[in-house]
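Hi,

Here is the structure I said I would pass on.

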Amino acid sequence: MSTKVKVLFVEKCDAKLVQDILQSGKHLNKECRMVCTSDGLVAIPILNIDQIDCSSEEWSDKVVRRGEYECPYSTKKLGNGRLRLSLDSKMSRVQQSLLNWLKDDQGKIQAQILSLDVKVCPKKLEVIGDDKTLVLPPNAFSLNNTRFRTLAVAADINNLWEHLAIAYNSPRVVRRGTIDPNSPIRESGHQLLWPHRGIPEETGPGAPGWITVTEQGIRQSFDLTRVMFSRGNITEKIRMGKVIKKGENVVDLYSGIGYYTLPALVIGMANHVYACEWNEEAAFALKYNLKANGVDNRATVFVGDCRTIAKEQSLLGICNRVVLGLLPSSEGGWRTGVKSLDRSLGGWMHIHGNCLQAEWEVWTLWVCRCLVKICSEEAFSWSAVCSNVEKVKSFAPNVNHYVVDIFVGPRDQLAHHGIQLELKENQAGLLLPDGQFKPSPEIMDNPSCALGPDGVLNQRWMREII
């Protein structure tokens, strides 16, 4: 449970100091806990805001602002006996929270909790963001499960979310949604559970769904009820920042909230990034993040279909690199990517995709062959050489998320990029780790992850050539 109380907003680094000062002056509201806010500050509950003199030298510069905020009750207020975690070593933190929620003082249902399927009662939960937002799996603690519904019949399910929040010291709890692979907008589908419920109408900084995730010093803020976010891409984000060279121009065709746009600017020191994003909510967050990281003067954000934008905004033939970070496939943007490269020098394409682990080499060779075919159709006598295949993360059993780094351009530019090969015109292939070149066959069957009329990759919007 929580309540709106008077608070002082401070930076995280100053929270302990200010809390101690308030406590020594008997101004601290001990019935509530301090909590991280959606804009990265800490709200400290106080008793009487008018009696506090913030002008003393000890903390005059520590208070960002005063106001009110929704703060959870302290365990002392709610009753330590109910909210303390069980010391039973057999139970996980999640199971202990469930036990406390059901108020099983006698231990009568402990065995039933321990026997619940991990999909219904996971042994651990995901925490995301600077404020440690708690994320539940889609089917966790679902009343659709008969055994869980039987246990929870006499309890208020909303109180469970608060017990979990207290156990994880989290300011809010959300349920993970599912992303429609055939949707170009890629909404997260996350639902707030506590202290707010559902998908709030308001969005933006300060809204119930607004969250900040800081990685490698880069602040990424977004509304988690509207925009997807993948924590598993952090290694690739860092790598991309190091791959991009100072002064390069980059086109990011599926930029999202800035997964690769921000590292390109902050770490790679790119001259300019032209970021395209279809989801208006993600584009809003991207603009906010560019400004928050101090790089908005070196980026331009376009909202809409990247294939149309490239024509309308004169993005063709202007860049050194193209990032295509859309999953499960970015195939629909390959032609636009090729046409965005510098007409004289060519450049690099960083193509993401989900692929069967057993097919990664076939998929890579096929991508290179497809790019050369596109080059021919666009009257470019260019080659396509993949110099690196990077496994980003496991996506599903036997399916991985890969990114391939492919130089697409004139043969005489290969050496400038460290590729020492003598190739024929319009040749495609993979540069193996031992330095050998494996050419793509002239005629290839499509791998299983290619776009097609059937199956999960039946993305008609992506297969339309604009």
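A quick definition before the details: by contact I mean heavy atoms within 4.5 Å. This is a predicted model, so local features need pLDDT of at least 70 and side-chain atom pairs count only at pLDDT 80 or more, while totals for chains, interfaces and linings use all residues. Residues are numbered from 1 along each chain as its sequence is written, and side-chain values use heavy atoms, with hydrogens and water left out.

Let's start with Val408. Ignoring neighbours within four places in sequence, Val408 is in contact with Leu341, Gly346, Gly347, Met349, Leu371, Cys375, Trp382, Ser383 and Ala384. Val408 is also among the residues with the most contacts inside the largest nonpolar core, alongside Trp334, Met349, Ile351, Leu371 and Ile406. That core has 42 residues. (A nonpolar core is a set of buried Ala, Val, Leu, Ile, Met, Phe, Trp, Tyr and Cys residues joined through side-chain atoms within 4.5 Å; buried means under 20% relative accessible area, exposed over 50%, partly exposed in between, with a 1.4 Å probe and protein chains only.) Elements that each supply at least two residues of it include α12 (334-340), β15 (347-356) and β17 (399-409). The most comes from α13, with ten residues. There is a second, separate core of 33 residues, which includes Val213, Met240, Val273 and Val301.

For the chain as a whole, I get 14 helices and 19 strands (DSSP runs numbered from the N terminus: H or I of at least four residues for helices, E of at least two for strands). Buried residues make up 54% of the 466 in the chain. Of the contacts between residues at least 6 apart in sequence, 66% join residues at least 24 apart.

Cheers
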